[in-house]
Every structure is written in C-alpha cells, then in structure tokens.
Amino acid sequence: RRLFSAIGAFFRTQAILGILVALLLFSLYMQVFSYGLTDSESTFQSPYCTAVPANNDAIIAYLQQEHIHYAWANNWIGYPIVFKTHDNIIVADPQPLIRQTPLLNRIPADTNAVLQADRPSMITVVKQNDRYPLIEMILDIKNVTYDVARFHSVQGTDVLVVTPLSRTVSPLEAGDFYDVFQCSRDA
C-alpha cells in the first residue's frame, strides 16, 4: 500500500512539474510570437495618449535651437522633454489650471516657472491634415504674432510648437484654450 501511495505521489509531482514546464514553454512561445506584432512607434507609449511621438528628439532639438526654455503642453508630451533635457527645458501641463483641479498639478514649481516665463511656447497635438488648428485661430483672434513648427508624430497626427512673439499668452485667458491641450487624435 505504501508503495502504491509513493508511486502515486511521484506521478502527481511529475504531472504538476510537466504542467508548469508546459505553461512556461507556452508563455515563451507567446512572447516570441507577439514580438513580431508590435509597433515600434508606439510600444512604449502610454495607452492614454497614443498621439504623441515615441521619439521627441526633433522637438527637443528645435526647442534648444530656438532657445525655448519654457512651454505649456500636456504631461504626455511635456514630462519626457523635461526628463531628457535634465530640466533645461521646463514644460508644464496647463490642464489642472484650466480645469481648476489643482490636485492634478503634479509639479507646482514647474507650473509656476512657466506661468512666470516671458512668452512660453505651447506644444499641442493636432490632426495631420488640419492646416489651421484651433491654437492658431485663438492667437489670430487675439492679434498675437507667433512662430509655428510642425513635427510628425504618429499616423494622422502632428505636434505643433507655437511660440508667441508679440506678447506672453497664458492658457488661462478667458477659457479659450480649454480644448487645445487635449491628447487625442481628434484634437
């Protein structure tokens, strides 16, 4: 009887071990199989903002070339720029101020620095085929002169860097910028 229970225990252990090895091999197979299906442009992007570029080096180079040290942008665009430039370019998300939700203001010192800056730029996502986006309409209505640089982002979207020239423009002005800093392909 003991012999049969020992043999039964041995086979149960071997069966469990076999199942674990099979699951490990299946998991490995699925990793290798799914690797070929990935999109290198969006693999490490946030699922909440897929419209921003995976590689923002061209935007950073432009900001540095134009000596732009302060800008407004949503946090999905801004935080990587601040990180990559070691705080040499400060970008703050205006949405917590626009929507009056101060608890979402993750780095108040950066927000205050951009609020105090002289003519900070505004970085936003627009549809690729939108040749006269909302941010430009708002600035034109306010009679603000500005420079615009457009950078390809992902399929169907671009990133605009808009730099006011004639005066400082705050995204808090009269609620006009409520929809400008949304991160959406429908922006």
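1. Quick definition before anything else: "buried" here is under 20% relative accessible area, exposed is over 50%, and partly exposed sits in between (1.4 Å probe, protein chains only). Helices (H or I, at least four residues) and strands (E, at least two) are DSSP runs, numbered from the N terminus.

2. Bear in mind that this is a predicted model, with local features needing pLDDT of at least 70 and side-chain atom pairs counting only at pLDDT 80 or more, while totals for chains, interfaces and linings use all residues. Residues are numbered from 1 along each chain as its sequence is written, and side-chain values use heavy atoms, with hydrogens and water left out.

3. In helix H6 (residues 134–141), Ile135, Glu136, Ile138 and Leu139 are the buried residues. Looking down the H6 axis, they fall within an arc of 160° (directions from the helix axis to the C-beta atoms), so they line one face of the helix.

4. What do the buried residues of H6 pack against? Strands E3 (121–127), E4 (146–152) and E5 (157–164), with contact meaning heavy atoms within 4.5 Å. Just after H6, Asn143 has a positive phi of about 55°.

5. E3 is largely enclosed by the rest of the structure, because six of its seven residues are buried. Strands count as paired if DSSP finds at least two bridges between them. E3 runs antiparallel to E5 over six bridges, and Met122 has Val162 in E5 as its bridge partner. Strand E1 (residues 70–72) is parallel to E3, joined by two bridges; here Ala71 is opposite Ser121.

6. Over in helix H2 (residues 57–65) there's Gln64, partly exposed at 46% relative accessibility. Beyond its neighbours within four places in sequence, Gln64 contacts Thr85 and Ile89.
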